[in-house]
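Student: I have a model open on my screen and would like to learn how to read it. Could you walk me through it?

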Amino acid sequence: MEVLEVANYEEMSMTATRILLNKMNHTQKVTLGLATGATPRGMYQMLVASHQEKGVSFRNVQTVNLDEYVGLERHHPSSYHTYMAMHFFRWIDIDRSHTHLPNGKAEDLTLECFRYEDLIHHMGGVDLQVLGLGRNGHIGFNEPGTSFHARTHVVELARSTRRANARYFAREDEVPSRAITMGIATILESREIVLLASGSGKSEAITRLLEGKIQHQFPATALLEHPKVTMIVDREALIRQ
Ligand code: F6R
């Protein structure tokens, strides 16, 4: 795992943007794995700016997101479908039929998980997966204790995760209790992974990850088994706990 230490959130976003643009430049039809949350927002802003100000095109890009809440309509203001549209897709020239998220409203959720796995497979796998980091070590919505062999599946969200995500809802009890997430095995099949972390809120998780021991109670340590992971971490997140 390569660790890139950067000064702050802006530099983290800029470094991630550069890596994504470089991947797009060197891959004919690139598949990006994308995350939501506060962490990648700056990166999306910079990617949008690269389109609007420098004419970078996303026509040859296809995307798969890590996760979506179960039970939310795609147009719900707090769905990840909405997040991706608002922060990224609506501002660039990507073909919307090339952007994919799990369908949290599917009638048969098990079937939906199989469909999503199949979709990723038929897209040729993920060239570059962007990840944020949960304070409890989750990646995607793979909570502590999840098998590292899990593929796309339905998860019960940890109380701490629901609490952390309550800021995107009117009330904490509106945060869905379940989500569909790519599994750790699915994530590890990406050819390359970029993990982003910024701010003191992530420093405990980063300290644990940098210990370098694989622990099922800390899902992000699964990344230690992957041959091509770049961690972009700002100074505050690197302060040892
Ligand atoms: C989001 C996701 C989550 C977040 C994590 C960190 O698609 O998969 O794992 O990356 O919860 O969230 P933020 O960035 O809001 O701290």
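Tutor: Gladly. Let's begin with one term: two strands count as paired if DSSP finds at least two bridges between them. Keep in mind, too, that this is a predicted model.

Student: Which residue is the bridge partner of Val-30 in strand 3?

Tutor: The partner of Val-30 in strand 3 is Val-61. That bridge belongs to the pairing of strand 2 with strand 3 (residues 61-65), which is parallel and has 5 bridges.

Student: What holds strands together in general?

Tutor: Strands of a sheet pair through backbone hydrogen bonds, in either a parallel or an antiparallel way. Here, 7 strands make an open sheet with parallel pairing, in the order 1-10-9-6-2-3-5. Strand 1 and strand 5 (99-100) each have a single partner strand, so one side of each lacks a neighbour in the sheet.

Student: Which strands does strand 10 pair with?

Tutor: Strand 1 (residues 2-6) runs parallel to strand 10 and is joined to it by 5 bridges. Strand 9 (residues 193-197) is also parallel to strand 10, again with 5 bridges. To find these on your screen, look for Val-6, whose bridge partner in strand 10 is Asp-234, and Val-194, whose partner there is Thr-230. Between strand 9 and strand 10 the chain passes through helix 7 (residues 203-210), a β-α-β crossover that is right-handed.

Student: Is strand 10 mostly covered or mostly exposed?

Tutor: Strand 10 (residues 229-234) is mostly covered, with 5 of its 6 residues buried. For the protein, buried residues are 41% of the 241 residues.

Student: How do I read the overall fold?

Tutor: Start with the elements: the protein has 8 helices and 10 strands. Then compare the radius of gyration with what a compact globule would have: for 241 residues that is near 18 Å, and the protein's 17 Å agrees.

Student: Why is Ala-35 counted as buried?

Tutor: The cut-off is 20 or more other C-beta atoms within 10 Å. Ala-35 has 23, so Ala-35 is buried. You will find Ala-35 in the loop between strand 2 (30-34) and helix 2 (41-54). Beyond its neighbours up to four places away in sequence, Ala-35 touches Pro-40, Leu-66, Val-130, Leu-131 and Gly-132.

Student: What does UniProt list for this protein under "active site"?

Tutor: The UniProt record, an unreviewed entry, lists Asp-67, Asn-136, His-138 and Glu-143. That entry also places the feature "domain: Glucosamine/galactosamine-6-phosphate isomerase" at residues 18-224. Over residues 18-224, the chain is 31% helix and 15% strand.

Student: Are Asn-136 and His-138 buried or partly exposed?

Tutor: Asn-136 is partly exposed, because Asn-136 has 18 C-beta neighbours inside 10 Å. His-138 has 25 such neighbours and therefore counts as buried. Asn-136 lies in the loop between strand 6 (128-131) and strand 7 (153-156), and His-138 is also found between strand 6 and strand 7.

Notes:
Residues are numbered from 1 along each chain as its sequence is written. This is a predicted model: local features need pLDDT of at least 70, side-chain atom pairs count only at pLDDT 80 or more; totals for chains, interfaces and linings use all residues. Helices (H or I, at least four residues) and strands (E, at least two) are DSSP runs, numbered from the N terminus. The radius of gyration is taken over C-alpha atoms; the globule rule is 2.2 Å times the number of residues to the power 0.38. A residue is buried if 20 or more other C-beta atoms lie within 10 Å of its own, exposed if 12 or fewer, and partly exposed in between; C-beta atoms are placed from the backbone. A crossover is right-handed if, with the strands pointing away from the viewer, the path from the first strand over the helix to the second runs clockwise. Two residues are in contact if their C-beta atoms, placed from the backbone, lie within 7 Å. UniProt positions are given in the numbering used here, feature names are shortened, and annotations may be inferred rather than shown by experiment.
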